[in-house]
Amino acid sequence: MKREIKLIEDLSLNAWPSHQIQFYDGWILRFSYFYTHRTNSVEQLGPSSLPLAEKIRYCERVYQSWGTPAIFKITPLLDEGFEGLLTAEGYHTEHVTEVMHLNLNENTRRLAHAPVTLEKGVSDRWINGLFALKGTTNAMHRLVVPSMYRAIPKETISAAIYDGHRIVATGLGILDRDYIGLYAIHVHPAYRKKGYARSLCSSILEAGRALGASHSYLQVVKGNTPAKNLYESLGFEDLYTYWFRVKELSYSPKASAQRFSMSRIGS
């Protein structure tokens with residue numbers, strides 16, 4: 001079980017690069033102007049040689065300089081005592097996320113009902129369509145996020161459904177080893193309950209399988225019942241859960257001036 005969790009954690013790191021990263025004694029500190037929790041948090045990649053309390057203080061100072069809360073990603077791979085340290089320091093839980101897995105060779109419950117346009121790579125048109133669907137107006141996000149998508153080091157399949165020339169639904173598949181990860185599944189509210197999300201997922205999964213994928217994974221925020229029901233109907237099953245421990249910090253005037261809108265979108 002832990003071996004598979006470690007694999008998918010590695011795949012998800014490849015799939016969603018951060019704008020900036022720092023490596024620190026087996027930890028990676030990620031920063032992307034708080035576009036998502038995943039790209040603005042500390043993840044543990046290896047064992048520590050320094051005292052944990054010292055490392056937590058260091059991370060807090062780094063994120064304070066970046067003008068964002070200190071955030072630590074908590075997975076089943078971590079020692080249970082680590083989260084206890086964060087709790088004692090006043091960290092609270094945000095964005096509980098469920099990771100799901102699908103064996104593409106054992107499950108074929110996929111039907112596409114709407115015409116889906118698939119392209120290799122991530123185009124400006126697709127990114128702008130995604131921004132429109134998510135209501136992304138933050139100037140810094142619109143500046144740095146395109147470079148994050150283009151920095152994905154693995155083969156990508158962008159999916160879109162159009163109404164005329166307008167993108168009304170998006171999806172993204174990221175191929176890494178024999179896995180195809182599903183990301184950025186968004187449908188405009190006016191176009192929901194038309195099977196568009198199912199069509200996007202089905203099309204990406206079939207394209208991934210044609211390219212050699214035998215497994216798929218995805219991440220869904222706990223409580224998103226419509227999305228969870230869809231993924232279960234496609235054959236995905238729960239694998240593990242992760243969440244974030246967050247602590248709001250006191251900001252210096254300089255750091256506060258650097259802060260941008262921190263609407264908590266994504267996980």
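A residue counts as exposed when its relative accessible area is over 50% and as buried when that area is under 20%. By this criterion K120, at 71% relative accessibility, is exposed. The structure is a predicted model.

**K120 in strand β6**

- K120 belongs to strand β6, which spans residues 117-120.
- Apart from neighbours within four places in sequence, K120 has contacts with E155 and T156.
- V144 lies 24 residues from K120 in sequence, and the C-alpha atoms of K120 and V144 are 21 Å apart in space.

**Packing of α4 and α5**

- Two packed helices are described by the angle between their axes and by the distance between those axes.
- For helix α4 (residues 124-134) and helix α5 (residues 139-150), the packing angle is about 130° and the axes are 11 Å apart.
- The two helices α4 and α5 are therefore oblique to each other, and their crossing is right-handed.
- On the α4 side, the contact is formed by D124, W126, I127, N128, L130 and F131.
- On the α5 side, the contributing residues are H141, R142, V145, P146, Y149 and R150.
- By residue class, this contact of α4 with α5 comprises seven nonpolar, two polar and three charged residues.

- Within α4, the buried residues are W126, I127, G129, L130, F131 and L133.
- These buried residues of α4 pack against α5 and also against the strands β7 (155-163), β8 (166-176) and β9 (179-187).
- Just after α4, G135 adopts a positive phi of about 70°.

**Helix α6**

- Helix α6 covers residues 196-210, a total of 15 residues.
- From its first C-alpha to its last, α6 reaches 21 Å, close to the 21 Å expected at 1.5 Å a residue.
- Eleven of the 15 residues of α6 are buried, so this helix is largely enclosed by the rest of the structure.
- The buried residues of α6 are Y196, A197, S199, L200, C201, S202, S203, I204, L205, A207 and G208.
- Just after α6, G212 takes a positive phi of about 110°.

Key:
Residues numbered from 1 in each chain as written. Predicted model: local features only at pLDDT ≥ 70, side-chain atom pairs only at ≥ 80, totals over all residues. Heavy atoms only, no water. Axes fitted to C-alpha atoms, helices over the stretch in contact; angles between N-to-C directions. Helix = DSSP H or I, 4+ residues; strand = E, 2+ residues; numbered from the N terminus. Parallel < 35°, antiparallel > 145°, perpendicular 65-115°, else oblique. Left-handed = near helix turned anticlockwise from the far one by under 90°. Contact = heavy atoms within 4.5 Å. Nonpolar A, V, L, I, M, F, W, Y, C, P; charged D, E, K, R; others polar. Expected span 1.5 Å × (residues − 1). Buried < 20%, exposed > 50% of the residue type's maximum accessible area, 1.4 Å probe, protein only.
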